[in-house]
Amino acid sequence: MTQQWRQRFSDLVAGNHSPTGDPVDAGARLIVWDPDGTEVFRAALARHHRVEDEDEPDEQVLWIRPLVGGEDNGGGYLFNLNATRRRSLTCARGTVVDDGVEIDLTSGQRARIEPADGPELEQLIHWDDFTNRLTPDEDAALKRLDADSWHGRYA
């Protein structure tokens, strides 16, 4: 069962659920709720992730990049890569539900990764345009999701 939700999560983040077959028409958003049901976070997710299996057999850490901030500077949409940094979700359990994935976090919060639409899909389109300007080395560094800060352009 673990493989099923992780595969669905990967497909959502990559945009592999597009009705047109083109991943730029689709992507994922993350929504997080506190234990009392209050929504505390919502953002589009960049098209890359990394999974670490923890020492505990029932825990995995998902490394993601929520797309926060960004602005149109007149010459295109820009993101500050220190603000749009990697984040981790420590997962106790994941389940495929309808078109998304629901995850019980070890913090007691609940998260849902689902197809992005509306403002989150628009933010993802801006991100795609922005990342088209990155050098191959910059793009690879972002995709590794192994650094907490960014040095250089767009910091």
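# Sheet, helix and salt bridges

Strand 2 (residues 39-45) and strand 5 run antiparallel, joined by two bridges. Leu 45 has Pro 66 of strand 5 as its bridge partner. Helix 2 packs on the sheet here, touching strand 1, strand 2 and strand 5. The direction of helix 2 makes about 40° with that of strand 2. Such angles run from 0 to 180 degrees between N-to-C directions, with axes fitted as lines to C-alpha atoms, for helices over the stretch in contact. Contact, or touching, means heavy atoms within 4.5 Å.

This is a predicted model, in which local features need pLDDT of at least 70 and side-chain atom pairs count only at pLDDT 80 or more, while totals for chains, interfaces and linings use all residues. Residues are numbered from 1 along each chain as its sequence is written, and side-chain values use heavy atoms, with hydrogens and water left out.

## The overall fold

The protein has three helices and ten strands. These elements are DSSP runs, numbered from the N terminus: helices are H or I with at least four residues, strands are E with at least two. From the N terminus on, their order is α-β-β-β-β-β-β-β-β-β-β-α-α.

How does the radius of gyration agree with that of a compact globule? For 155 residues such a globule would have a value near 15 Å, and the protein has 15 Å, which agrees. The radius is taken over C-alpha atoms, and the globule rule is 2.2 Å times the number of residues to the power 0.38. The C-alpha trace spans about 45 × 35 × 30 Å along its principal axes.

Of the 155 residues, 39% count as buried. Buried means under 20% relative accessible area, exposed means over 50%, and partly exposed lies in between (1.4 Å probe, protein chains only). The protein exposes about 8,100 Å², with carbon and sulfur atoms supplying 45% of it. Areas come from the Shrake-Rupley method. Among contacts between residues at least 6 apart in sequence, 55% join residues at least 24 apart.

Eight strands form an open sheet in the order 3-4-8-9-10-1-2-5, with antiparallel pairing. Strand 3 (50-53) and strand 5 (66-67) stand at the edges. Each has a single partner strand, so one side of each is left without a neighbour in the sheet. Two strands count as paired if DSSP finds at least two bridges between them.

Strand 10 shows two such pairings. Six bridges join it to strand 1 in the antiparallel sense. In that pairing, Arg 29 stands opposite Glu 114 of strand 10. Four bridges join strand 10 to strand 9 (residues 100-105), again antiparallel. There, Val 101 stands opposite Ile 113 of strand 10. Strand 9 and strand 10 form a hairpin with four residues between them. In the turn, Gly 108 has a positive phi of about 100°. Strand 10 is mostly covered, with five of its six residues buried.

## Salt bridges

How many salt bridges are there? The count comes to 14. A salt bridge is a side-chain nitrogen of Lys or Arg within 4 Å of a carboxyl oxygen of Asp or Glu.

One of them joins the side chains of Asp 117 and Arg 29, at 2.7 Å from N to O. Asp 117 lies in the loop between strand 10 (110-115) and helix 2 (118-131), and Arg 29 lies in strand 1 (residues 28-33), so the pair ties together parts that are 88 residues apart in sequence.

Another links Glu 52 and Arg 50, at 2.6 Å from N to O. Glu 114 and Arg 112 also meet in a salt bridge, at 2.6 Å from N to O. Shared partners build one network, which joins Arg 29, Asp 99, Glu 102, Arg 112, Glu 114, Asp 117 and Glu 120.

Glu 120 is placed in helix 2. Not counting residues up to four places away in sequence, Glu 120 touches Arg 29, Arg 42, Ala 43 and Ala 44.

| Residue | Relative accessible area | Class |
|---|---|---|
| Arg 29 | 9% | buried |
| Arg 50 | 24% | partly exposed |
| Glu 52 | 29% | partly exposed |
| Arg 112 | 9% | buried |
| Glu 114 | 12% | buried |
| Asp 117 | 42% | partly exposed |
| Glu 120 | 10% | buried |

Definitions and conventions: Accessible areas come from the Shrake-Rupley method with a 1.4 Å probe; for residues, only the protein chains shown count as cover.
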